[in-house]
Amino acid sequence: MTDLVLARLQDGLADNRLELPRCADCGTLVWYPRARCPHCMSGNLVWEELSGTGTVYSYTVNHRGQGEYAGHDPFVIAYVELAEGPRVLSHVDSADVRVGDPVRLRGGLSQEGHVRLTFEKEEPR
């Protein structure tokens, strides 16, 4: 990820917005953000704000953490399928999570400012 692309993603997440580039030529929503479309290699990308909602696609519950996760067990690492399509590796703030559970973005940056998408469960409607 280039510095400019990373800075754009971090700026949105700092304001609790998930923004990703979409290729203006082929329509592909680009995750992970980069300077060119991975589908058609176009550099004609336009950033758009996403809903921040999705569903749990797959997950694992970790019972022993290291580094910034030490003492925060259990914690859940999950692939979340965003409502707009891409699947993102993330953290879910609930050990009581199941595949298909609806989730909403709660935060996107670690305390150190690194990208770390964190979702929370939503009650089904």
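Modeller: Gladly! Let us begin with a word we will need: contact means heavy atoms within 4.5 Å. Please also keep in mind that this is a predicted model. With that cut-off, Ser90 touches Val76, Ile77, Ala78, Val80, Leu117 and Phe119, leaving aside residues up to four places away in sequence.

Biologist: Why is Ser90 called buried?

Modeller: Buried means under 20% relative accessible area. Ser90 has 5% relative accessibility, so it counts as buried. You will find Ser90 in strand S5, which covers residues 87-92.

Biologist: His91 is in strand S5 too. Is His91 buried or exposed?

Modeller: His91 has 12% relative accessibility, so it counts as buried. The side chain of His91 also has a polar contact of 3.3 Å with the side chain of Asp93.

Biologist: What makes that pair, His91 and Asp93, a polar contact?

Modeller: The cut-off for a pair of N or O atoms is 3.5 Å. The side chains of His91 and Asp93 are joined at 3.3 Å, so the distance meets that limit.

Biologist: And what makes Asp93 and Arg106 a salt bridge?

Modeller: Side chains of opposite charge can pair when their charged atoms come close. The rule asks for a side-chain nitrogen of Lys or Arg within 4 Å of a carboxyl oxygen of Asp or Glu. In Asp93 and Arg106 the closest N and O atoms are 2.4 Å apart, so the pair passes.

Biologist: How many salt bridges does a search of the whole structure find?

Modeller: That search finds 9 salt bridges. One of them joins the side chains of Glu19 and Arg8 at 3.4 Å, N to O. Glu19 is in strand S1 (residues 19-23) and Arg8 is in helix H1, 11 residues apart, so this pair links distant parts of the chain. Glu19 also meets Arg17 in a salt bridge, at 3.3 Å.

Biologist: Which other residue has a positive phi although it is not a glycine?

Modeller: Met41 does, with a phi of about 70°. Met41 is found in the loop between S1 and S2.

Biologist: What kind of peptide bond leads from Trp31 to Tyr32?

Modeller: That bond is cis, with omega near 0°. Tyr32 belongs to the loop between S1 and strand S2 (45-49).

Biologist: Now the wider view. Into which domains is the protein divided?

Modeller: There is domain 1 (4-49) and domain 2 (53-121). Their C-alpha centres lie 21 Å apart.

Biologist: How do you know that the two domains touch?

Modeller: 10 residues of domain 1 are in contact with 14 residues of domain 2. Together the domains bury about 900 Å² between them, 79% of it on carbon and sulfur atoms. In domain 1, Leu13, Leu18 and Trp31 lose the most area to domain 2, together 54% of what that side buries.

Biologist: How many salt bridges does the rule find across that interface?

Modeller: The rule finds 0 salt bridges there. The count of residue pairs in polar contact between the domains is 0 too, with both residues at pLDDT 80 or more. Helix H1 (residues 3-14) gives the largest share of the domain 1 side, 5 residues. The residues of that side divide into 8 nonpolar, 2 polar and no charged.

How values were computed: Residues are numbered from 1 along each chain as its sequence is written. Side-chain values use heavy atoms; hydrogens and water are left out. Domain bounds come from an automatic or database domain assignment. Buried area is the accessible area (1.4 Å probe) that two parts lose on being put together, summed over both. A polar contact is a pair of N or O atoms within 3.5 Å; within protein, one must be able to donate a hydrogen and the other to accept it, and residues adjacent in sequence count only if both atoms are side-chain atoms. Helices (H or I, at least four residues) and strands (E, at least two) are DSSP runs, numbered from the N terminus. Ala, Val, Leu, Ile, Met, Phe, Trp, Tyr, Cys and Pro count as nonpolar, Asp, Glu, Lys and Arg as charged, and the others, Gly among them, as polar. Buried means under 20% relative accessible area, exposed over 50%, partly exposed in between (1.4 Å probe, protein chains only).
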